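Have the model open while you read, and start with the fold before going on to single residues.

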Amino acid sequence: MDFLGWYTTGGSANESDIKVHKQVCEINESPIFLKLNPQSRQADLPLKIYESVIDIVNGDATLLFAEIPYTLATEDAERIGVDHVARMSSDTGENSSVSDHLIAQHNAIKMLHHRVKLILEYVKAVQNGETATTLH
């Protein structure tokens with residue numbers, strides 16, 4: 001298994017991130033750094049991805065972060081799952097189609113369980129002689 005990088009939370013990359021990144025560079029020559037911002041209110045995913053670059057600043061070699069652009073690619077199954085979670089966790093009271101399907105299946109299983117239980121009770125009553133067999 002390869003070590004690709006590390007992550008932390010907060011706003012923009014800062015000096016303390018660079019210090020940690022230098023330590024991580026001892027394990028991996030060129031690690032990826034992800035910065036998650038859970039406080040962000042933007043519509044995009046609150047995530048920035050950086051790679052490290054060495055640049056000359058005031059005559060000294062300095063480790064800096066260069067932001068890497070990224071694109072999310074999703075499959076239909078993922079979109080359906082996210083839609084389900086979003087609808088179930090929203091305050092609109094709106095159910096997702098997955099939720100509606102699962103509720104219908106649950107109700108059908110509950111009804112089947114009730115009917116099997118009635119049949120079982122009838123068979124036990126016939127075996128114990130508590131009721132007569134009715135064959136038509």
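1. Some terms first. Helices (H or I, at least four residues) and strands (E, at least two) are DSSP runs, numbered from the N terminus. This is a predicted model, so local features need pLDDT of at least 70 and side-chain atom pairs count only at pLDDT 80 or more, while totals for chains, interfaces and linings use all residues. Residues are numbered from 1 along each chain as its sequence is written, and side-chain values use heavy atoms, with hydrogens and water left out.

2. Overall make-up. The chain has three helices and four strands, in the order β-α-β-β-β-α-α along the sequence. Of its 136 residues, 13% are buried, where buried means under 20% relative accessible area, exposed over 50%, and partly exposed in between (1.4 Å probe, protein chains only). The chain exposes about 11100 Å², with 57% of that supplied by carbon and sulfur atoms; these areas come from the Shrake-Rupley method with a 1.4 Å probe, and for residues only the protein chains shown count as cover. Taking contacts (heavy atoms within 4.5 Å) with a separation of 6 or more, 33% are between residues 24 or more positions apart.

3. The sheet. Four strands make an open sheet in the order S1-S2-S3-S4, with mixed pairing; two strands pair if DSSP finds at least two bridges between them. Strand S1 (5–9) and strand S4 (60–68) are the edges, each pairing on one side only. On average, neighbouring strands here are turned by 30 degrees against each other, direction ignored. Axes are lines fitted to C-alpha atoms, for helices over the stretch in contact, and angles run from 0 to 180 degrees between N-to-C directions.

4. By contrast, strand S2 (residues 32–36) and strand S3 (residues 47–57) pair in the antiparallel sense, over five bridges.

5. Helix on sheet. Helix H1 (residues 15–24) packs on the sheet and touches S1, S2, S3 and S4, with its direction at about 100 degrees to that of S4. His21 lies in H1 and is buried, with a relative accessible area of 0%. Not counting residues up to four places away in sequence, His21 touches Trp6, Pro31, Phe33, Ser52, Leu63 and Phe65.

6. Aromatics. The whole structure holds four aromatic pairs. Rings of Phe, Tyr and Trp (its six-membered ring) pair if their centres lie within 6.5 Å; planes under 30 degrees apart count as stacked, over 60 as edge-to-face and the rest as tilted. Trp6 and Phe33 are a stacked pair, 4.3 Å centre to centre with 20 degrees between the planes. Trp6 is in strand S1 and Phe33 in strand S2, so the pair ties together parts 27 residues apart in sequence. Both Trp6 and Phe33 are buried.

7. The other pair to check is Tyr50 with Phe65: their ring centres are 5.6 Å apart and the planes are at 45 degrees, so the pair is tilted. Tyr50 is in strand S3 and Phe65 in strand S4, 15 residues apart, and the pair links these distant parts of the chain. Both Tyr50 and Phe65 are buried. Ring pairs link Trp6, Phe33, Tyr50 and Phe65 into a cluster.

8. The loop between H1 and S2. Buried or exposed: which is Asn28? Asn28, placed in this loop, is buried at 17% relative accessible area. Leaving aside neighbours within four places in sequence, Asn28 is in contact with Phe3 and Leu4. Glu29 is in the loop between H1 and S2 as well, but at 76% relative accessibility Glu29 counts as exposed. The C-alpha atoms of Glu29 and Ser52, 23 residues apart along the chain, are separated by 9.6 Å.
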